[in-house]
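Open the structure in your viewer and keep the selection tool at hand. The tour moves from one selection to the next and says what is there at each stop.

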Amino acid sequence: MSLTTPDAGAAATLRDPALADAVASVLDTGVGLAEADILAVLTLPDEELPAALEAAHRVRVRWCGPEVEVEGIVSVKTGGCPEDCHFCSQSGLFTSPVRAVWLDIPALVQAARETAATGATEFCIVAAVRGPDRRLMDQMREGVKAIRAEVDIQIAASLGMLSQDQVDELVEMGVHRYNHNLETARSFFPQVVTTHSWEERFDTLRMVRESGMEVCCGGILGLGETVAQRAEFAAQLAQLQPDEVPLNFLNPRPGTPLGDAEPVDAKDALRAIAAFRLALPRTILRYAGGREITLGDLGTRDGLLGGINAMIVGNYLTTLGRAPGSDLELLDELKMPVKALSATL
Amino acid sequence: MTTAGTAGPTGTAGPTGPAGTAASAGPAGPTAPAAYCDRCGGELSTDTHAACRVARALEPPRFCPACRRRMKVQVLPAGWRAECVEHGEVRG
């Protein structure tokens, strides 16, 4: 079963010879598509979508292998954020029902333990802040130490914008990957966030990269950006060359400025998955929030066969996900092994 | 692991039950009858809250169904817990 095969059939191919050549070159060289070709993939007719997904899957297997990296995430500080990211229910500037709450260390360790029990190799600790203050950094230090003492899992963090001292401190704690999403195309960012700039976010990413931590940087599709801006965003991410790109689809949250937005169409989401993979052939491309609403079970499967090679399992920060067992069963059915911890060290 | 995608509170109707009742009767939770939707805080007597009921399959409760106070909610990888200052904590 698939969202795409009823329209197309197995013999679907890319009709534009130039685009077909460009995609073949990605497979051969591991160098991603240029922005114009990314846009061409994002605007393919439905009948060519299976061909794009198939090509993206081949690229993923050739340059990343068959494994899927599984991650769990938890919010260590929820809500009350001073920023105005228009998609986010954790901003203190909107009338969202989300209240501020902190997670204590024993609960943080338990969350890491439960994540590891799924077979996940990554555990990302997230805070809804502009950037970490001393209290949060101390909480991180204590939490990372406690997790490392009790749970065999890689620890990532997402704490907003960092100073150089904070970057150095996270490295010293043993945080191996840092997430900071650019969220959307540079040209569209001011429509989504007004309390800080795309460039400020980029500065943090630059420091993270120079520190030796792995860079995790993605965004959210469906914020009102044009298809051309989706291509722009993929090209900008490709320039950054992050180790991981988490791909979210807007899950409209009550009380936010985007609370009444329409979720991304499933086929547009699949076009985006193929396009982002073909733009970023060697990157970990992760299913993040919103896939349950945008893609459902069938679309989730199509995306895994169309360029995705990582997923967040279990719940998100303020919303719930599929049962981890359902995702792991799907990977087993697709004969996609979960990446082992030894392969990540 | 707890099934994260079907996060009805332990021992209650869960997300397929009427919004506002799903989080009302957990072992450590509120015991007062549900009068409010636990997703939007609206009165249950004036609306079916059908959309809320569907949405709750992928969301924790946000409002106490007994008093409509906004609850402190912590989502965890394998569940959630929600606390009303007046009516206590519920887990799912």
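Before the first stop, a word on naming: helices (H or I, at least four residues) and strands (E, at least two) are DSSP runs, and they are numbered from the N terminus. Keep in mind throughout that this is a predicted model, and that its scores are ipTM 0.90 and pTM 0.90.

Begin by selecting chain B, which holds 1 helix and 3 strands, arranged along the sequence in the pattern α-β-β-β. Of the 92 residues in chain B, 52% are buried, and among its contacts between residues at least 6 apart in sequence, 41% join residues at least 24 apart.

If you colour chain B by confidence, the average pLDDT is 76, with 66% of the residues scoring at least 70.

Next, select Arg68(B), which sits in the loop between helix H1 (50-55) and strand S1 of chain B. Most residues other than glycine have a negative phi, whereas the phi of Arg68(B) is positive, near 65 degrees.

Move on to chain A and select helix H6 (residues 134-150) together with helix H7 (residues 164-173), whose axes come within 10 Å and cross at roughly 15 degrees. Angles under 35 degrees count as roughly parallel, and H6(A) and H7(A) are therefore roughly parallel to each other. The crossing of H6(A) past H7(A) is right-handed. To see the residues involved, display Met137(A), Met140(A), Arg141(A) and Val144(A) in H6(A), which meet Gln166(A), Glu169(A) and Met173(A) in H7(A); the residues of this contact divide into 4 nonpolar, 1 polar and 2 charged.

For the last stop, select Glu183(A), in the loop between strand S5 (177-179) and helix H8 (189-192) of chain A. Glu183(A), a residue other than glycine, has a positive phi near 75 degrees, and because it has 24 C-beta neighbours inside 10 Å, Glu183(A) counts as buried.

Definitions and conventions. Residues numbered from 1 in each chain as written. Chains lettered and ligands numbered in written order. Predicted model: local features only at pLDDT ≥ 70, side-chain atom pairs only at ≥ 80, totals over all residues. pLDDT = per-residue confidence, 0-100. Axes fitted to C-alpha atoms, helices over the stretch in contact; angles between N-to-C directions. Parallel < 35°, antiparallel > 145°, perpendicular 65-115°, else oblique. Left-handed = near helix turned anticlockwise from the far one by under 90°. Contact = placed C-beta atoms within 7 Å. Nonpolar A, V, L, I, M, F, W, Y, C, P; charged D, E, K, R; others polar. Buried ≥ 20, exposed ≤ 12 C-beta atoms within 10 Å, placed from the backbone.
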